[in-house]
Amino acid sequence: GESDVRRAALNALVQMESERGVPSRKQVLQRRDACSAELRRKAVFLVSQKHGDDVTDILLDAARNDPDREVRTQAVFWLSQVNSDRAVTALDSVLMGSKDQEVQEKAIFALSQQHNPRAAEILRRFVDRPDVSEDLKEKAVFWIGQENSPENLKYLEDVYPRLSSDDLKEKDIFSISQMEDQESGRWLMALALNPNEKLELRKKALFWAGQKHQVGMADLAKLYDTMNDRDMKEQLIFVYSQRNEPEAVDKLMAIAENEKDPELRRKAIFWLGQSKDPRVADFLARLIGK
């Protein structure tokens, strides 16, 4: 019926590559009735394929004001593809002004795709807000970690003690581990060695430090002999099992042979059994023959 006719008219607009389409699409997006929601979803996509300041304005209006959630989230997604200062400003206003968590999530993602210092600053400011849900903070911390910059690393390190929950702190530790430099590895190792931190967070920091090639195997190997905490020793054994260097196998063999705690020896032997290092079979045979 009538909606099929509208859809046909919209499809005809798609065929028109000229800018004459934009005002018509804008008209479609200004409708607010539930019946035209599907048309508005299509119109958002069509508008996004054009360029110009009016496109940013139309998308922003849809992101803020459309009653249909899918239209709002799609408008925010397409704003992420517009790399301009005006798009960053628009996304900032959506993130700070929206009451819809799904739309805010999309705005966090969209800002992370801008690769713009101001967009990164907006995300950092957002995490510091006291009135933001923990879930949204986690999303923002994650995306901050995906943009490698000294400012982002410094922020993630500085914000750590201010974060209100272990889940958020875990996300922060992960984000710091994604930064490609020596400093992030040093920070993770310092956290792992901090006796005042919760054990689970120390174990997480140690795991992610072990995943970084910037953290040398020699430093990780030395750590075992100075570590007094049994749980941390167990985590170190696991960390060694994840490394590719022959020195990691050397360390596991040394633990399997010399560790006084039989449970830790068994852990080291288990991980040696998973290793493809050709020396391991002889070593295990020798242990059996002792």
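This is a short walk through one predicted protein model, from the whole chain down to a few single residues.

Okay, some housekeeping. The model is predicted, so local features need a pLDDT of at least 70 and side-chain atom pairs count only at pLDDT 80 or more, while totals for chains, interfaces and linings use all residues. Residues are numbered from 1 along each chain as its sequence is written, and side-chain values use heavy atoms, with hydrogens and water left out.

So, the big picture. The protein chain has 18 helices and 0 strands; helices here are DSSP runs of H or I with at least four residues, strands are E runs of at least two, and both are numbered from the N terminus. The chain has 290 residues, and 47% of them count as buried, meaning under 20% relative accessible area, with exposed being over 50% and partly exposed in between, using a 1.4 Å probe and protein chains only. Now take contacts, meaning heavy atoms within 4.5 Å. Among those with a separation of 6 or more, 61% are between residues 24 or more positions apart.

On to the inside. The largest nonpolar core holds 75 residues; a core like that is a set of buried Ala, Val, Leu, Ile, Met, Phe, Trp, Tyr and Cys residues joined through side-chain atoms within 4.5 Å. Which residues touch the most other members of it? Leu220 and Tyr240 do. Not counting residues up to four places away in sequence, Leu220 touches several residues, including Met189, Leu206, Val239 and Tyr240.

Now some helix pairs. Look at α9, residues 134-145, and α11, residues 166-177: their axes come within 8 Å and cross at roughly 10°. Axes are lines fitted to C-alpha atoms, for helices over the stretch in contact, and angles run from 0 to 180 degrees between N-to-C directions. That makes α9 roughly parallel to α11; angles under 35 degrees count as roughly parallel, over 145 as roughly antiparallel, 65 to 115 as roughly perpendicular and the rest as oblique. Val141 and Phe142 are among the α9 residues that meet α11, where Leu168 and Phe174 are among the partners. For the classes, Ala, Val, Leu, Ile, Met, Phe, Trp, Tyr, Cys and Pro are nonpolar, Asp, Glu, Lys and Arg are charged, and the others, Gly among them, are polar.

What about α10, residues 150-159? Its buried residues include Leu153, Tyr155 and Glu157, and their cover includes α8, α9, α11 and α12.

Further along, α15 (230-241) and α17 (262-273) pack at an angle of about 10°, with their axes 9 Å apart. So α15 is roughly parallel to α17. This contact has 5 nonpolar, 1 polar and 5 charged residues.

Last, a few single residues. Beyond its neighbours within four places in sequence, isoleucine 122 contacts Val88, Asp92, Leu95, Met96 and Leu111.

Compare that with histidine 115, in the loop between α7 and α8, which is exposed at 55% relative accessible area. Histidine 115 has a positive phi of about 45° although it is not a glycine. Most residues other than glycine have a negative phi.

And lysine 42 sits in α3, residues 37-48, partly exposed at 33%.
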